[in-house]
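Trainee: Could you take a close look with me at the cavities inside this protein, and at the packing that goes with them? I'd like one connected walk-through, please.

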Amino acid sequence: MNIILTTLNAKFIHTNLALRCLKAYAEPEYSPLITEYTIKDPAFNIVADLYQKKPDIVGFSCYIWNIEETIRVIKILKTVDPSITIILGGPEVSYDTNVWLKQVKEIDYIVVGEGEHSFKELLNFLHKKQSIKDVPGVAYVQDDKFILNALPPKLDLRESPTPFRFAEDIPNLSKRIVYIETSRGCPFSCQFCLSSIEVGVRYFNRDKVKEDIRFLMNNGAKTIKFVDRTFNISRSYAMEMFQFLIDEHLPGVVFQFEITADIMRPEVIEFLNENAPAGLFRFEIGVQSTNDLTNELVKRRQNFEKLKRTVTMVKSGGKIDQHLDLIAGLPEEDYSSFRRTFNEVFEMRPEELQLGFLKLLRGTGLRVEAEKYGYVYVDQAPYEIFSNNVLTFDDILRIKQVEDVLEKYWNAHRMDRTLEYLFEDIFDTPFDFFQQFGTFWEERNWSKIGHQLEDLYTRLNSFLASVENISLPVVQSVMKLDYLSKQKFQPRKPWWENDMDKEEQSYLYKQLLSDPSIAGEEFANLQLNERELYKQTFITPISICIDSYKKGIIQEKEGYLLTTFGKSNAPHLSFIEK
């Protein structure tokens, strides 16, 4: 039989680890073909490609982000060839299996939960080697009756075959994110998360994991993401792996981890700050909420002070970027409370702050208790809430406006100094800035159109022009500095309108040729000749003192910003008094 394992990834750069685990476990008796698509690919094109491969069996890996598109593909595929056996697996279909089989008649079997053993046994049945009754962890309909066979024992992960040595994967390792797991399970019981359902944590063989990482690096992998739910639950294990990765990493490789920050010991952070090369590691930390009642209701044990200590210590080391997550819509967290949560977390200035919205996933405790908290949601993936007993749909829409500009401005780090000035001197809190700007953005329908870098500056400038009690020339000066300091070459068309006439510009260049020291000693030491001066510098009026700006102080002072390109990696900034 011709067996295909497939999925629809969110993006091309993603890879599906589950398919590779299934294939590794099925071999050598069976040799499934792995083929991956994206949710952006037209369903007809996916079906055409699968059909031409002439499969007898097609297994789909299903998640909240791809289930709707996957169902469309299945329906078309079964229409064009009813003889194909359709098998589904993955977290999205491991719960409410009777509902899936009832609603989507084209599904023949669903593999529930950890699927390696069950999938292989199901292949044995389809090859007439055993009875369907003896296949554990499989749901199906027989004689109009729903049947779910008992789940198999948990796998001994230490004996699991490696999913990383398939020859067809090697050419793309450098172009895609490689996902790796060193453990399964989670010690916590967060009621919004599927990981809370599996009790206990099991580990793969450490030596095999290390050999896999060496293999991946030696074959070009650049981004390796650990999918362990809590990588640092065992301090000794985490330290061993950190040391291994520091000792044996290859240039250009980045490792990403999900960590629980409030259990990370200070000595571990000190070790990383002292020994990890800058950029080698990236931490993802789920904060979700700082509301104590909310955390208690969702059974999320979290010491925010210890979490803050960890994030602050890691940030002070300057070696590791941190991605922090928040969830809007958790029980008893109203708009005011979420604003407080946002500001308390943003105060730590993570390199990236992800603002998500609660999704009532099948199988989670919060979905079971949805009525208790007044949740309104549509029972269709991704099951995102619209409101609850303390958060209206209007509140949700307002927070989504925050999410939009947060992603474009803070997480993209296009103008950090400008934003810090606005947080410190203009707006009451960072959340208030993002909320007011996000509302302004949405009212102009900017969320529906594309944006170049210059557009982001002009749109922020338009918003700030509407804000009362603000010195627009000062903030525009900071924006100019942010913009020019990130340019590698003299900009042809900066974001602001031309604010110098030719006579004024010509006069300044003549002054600089006769006495370069008017722009400071550092500029004079560059010793630019006339051609370099005209080709490599850019002059614009400015309303703040550059020397103070370099020290982190915004001080009003009229003059000119002289930016010199090409003499170092970063442009050289000088000030000419008016």
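Mentor: Happy to! The second largest cavity has a volume of about 60 Å³; bear in mind that this is a predicted model. Its lining is made up of C21, A24, Y25, E116, L155, S160, P161, P163, R184 and F204. Helix α1 gives the largest share of that lining, three residues. Sorted by class, the lining of this second largest cavity holds seven nonpolar residues, one polar and two charged.

Now widen the view. Two elements, α1 (17-26) and β8 (177-180), each give two or more residues to the lining of the largest cavity. By class, the lining of the largest cavity divides into seven nonpolar, three polar and three charged residues.

On to the packing. The largest nonpolar core has 121 residues, and the members that touch the most others are F242, F255, F281 and F283. Take F281: leaving out residues up to four places away in sequence, F281 touches F242, L245, I246, F255, F257, L272, A276, K319, I320 and D321. Apart from this core lies another one, of 29 residues, including Y37, A43, V58 and V93.

Note on methods
Residues numbered from 1 in each chain as written. Predicted model: local features only at pLDDT ≥ 70, side-chain atom pairs only at ≥ 80, totals over all residues. Heavy atoms only, no water. Core = buried A, V, L, I, M, F, W, Y, C linked by side-chain atoms within 4.5 Å. Buried < 20%, exposed > 50% of the residue type's maximum accessible area, 1.4 Å probe, protein only. Contact = heavy atoms within 4.5 Å. Helix = DSSP H or I, 4+ residues; strand = E, 2+ residues; numbered from the N terminus. Nonpolar A, V, L, I, M, F, W, Y, C, P; charged D, E, K, R; others polar. 1 Å grid on protein atoms, 1.4 Å probe; cavity = no way out; pocket = protein on both sides within 12 Å on 5 of 7 lines; lining within 4 Å. Points joined across faces, edges and corners; volume = space filled by probe spheres on them.
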